[in-house]
Amino acid sequence: ANLSRAEFRVCLMLSKGLSVKGVVEELGTSEATVRSHLRSIYQKTDAHGMAELLYLMLSKDAQAAPPQVRSA
């Protein structure tokens with residue numbers, strides 16, 4: 001999905017079960033920043049919400065092809 005490093009970290013933390021607030025605490029950033037990353041992630045992955053994003057990340061097809069991460 002060509003995610004930035006920050007977007008990839010958010011996805012990784014969400015896939016491990018953290019909530020948005022948990023990601024905020026873990027990264028030491030604002031909730032607005034995490035939500036901004038989520039909007040960008042949704043757009044890049046064509047996901048329409050958190051449940052769909054998590055499904056896409058955890059599905060067998062997603063695991064077969066590692067995500068592309070670009071430098072921020």
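1. **Helix 1 against helix 2.** In this predicted model, the axes of helix 1 and helix 2 come within 10 Å and cross at roughly 125 degrees. An angle from 65 to 115 degrees would count as roughly perpendicular, and one over 145 as roughly antiparallel. Helix 1 and helix 2 are therefore oblique to each other. The crossing is right-handed. On the helix 1 side, the contact is made by R9, V10, M13 and L14. On the helix 2 side, V20, V23, E26 and L27 take part.

2. **Overall layout.** The protein has 5 helices and 2 strands. From the N terminus, the order is β-α-α-α-α-α-β. Of the 72 residues, 28% are buried. Take the contacts between residues at least 6 apart in sequence: 56% of them join residues at least 24 apart.

3. The mean pLDDT of the protein is 86, and 82% of the residues score at least 70. Where is confidence lowest, and where is it highest? It is lowest in helix 5, residues 60-64, with a mean of 56. It is highest in helix 2, at 96. Where pLDDT is low, the predicted coordinates should not be read in detail. Keep that in mind for helix 5, given its mean of 56.

4. **Helix 2 as a packing element.** Helix 2 covers residues 20-27, and its buried residues are V20, G22, V23 and V24. Those buried residues pack against helix 1 (5-15), helix 3 (31-45) and helix 4 (50-58). Just after helix 2 comes G28, with a positive phi of about 70 degrees.

5. **V20 and K21, side by side.** Both V20 and K21 sit in helix 2. Which of them is buried and which is exposed? V20 has a relative accessible area of 10%, under the 20% cut-off, so V20 is buried. K21 has 56%, over the 50% cut-off, so K21 is exposed. Beyond residues up to four places away in sequence, V20 touches L14, E31, V34, R35, L38 and M50. V20 and E31 are 11 residues apart in sequence, and their C-alpha atoms are 7.3 Å apart. For K21 and V34, the separation is 13 residues in sequence and 8.8 Å in space, C-alpha to C-alpha.

6. **The nonpolar core.** The largest nonpolar core has 13 residues. Which of them touch the most other members? They are V10, L14, V23, V34, L38, I41 and L53. Helix 1, helix 2 and helix 3 each supply at least two residues of this core. Helix 1 gives the most, with 4 residues. As general background, nonpolar side chains in soluble globular proteins tend to be buried together.

7. Leaving aside neighbours within four places in sequence, L14 is in contact with S19, V20, V23, L38, M50, L53, L54 and M57.

8. **Helix 1 against helix 4.** Here the axes come within 10 Å and cross at roughly 90 degrees. That makes helix 1 roughly perpendicular to helix 4.

9. **Helix 3 against helix 4.** These two pack at an angle of about 60 degrees, with axes 11 Å apart. That makes helix 3 oblique to helix 4. The crossing is left-handed. Helix 3 contributes L38, I41, Y42 and T45 to the contact. Helix 4 contributes M50, L53 and L56.

10. **D46, a backbone point to check.** D46 lies in the loop between helix 3 and helix 4. Most residues other than glycine have a negative phi. Is D46 buried or exposed? At 57% relative accessibility, over the 50% cut-off, D46 counts as exposed.

Methods: Residues are numbered from 1 along each chain as its sequence is written. This is a predicted model: local features need pLDDT of at least 70, side-chain atom pairs count only at pLDDT 80 or more; totals for chains, interfaces and linings use all residues. Side-chain values use heavy atoms; hydrogens and water are left out. Buried means under 20% relative accessible area, exposed over 50%, partly exposed in between (1.4 Å probe, protein chains only). Contact means heavy atoms within 4.5 Å. pLDDT is the predictor's confidence in each residue, from 0 to 100. A nonpolar core is a set of buried Ala, Val, Leu, Ile, Met, Phe, Trp, Tyr and Cys residues joined through side-chain atoms within 4.5 Å. Axes are lines fitted to C-alpha atoms, for helices over the stretch in contact, and angles run from 0 to 180 degrees between N-to-C directions. Angles under 35 degrees count as roughly parallel, over 145 as roughly antiparallel, 65 to 115 as roughly perpendicular and the rest as oblique. A crossing is left-handed if the near helix is turned anticlockwise from the far one by less than a right angle, and right-handed if clockwise.
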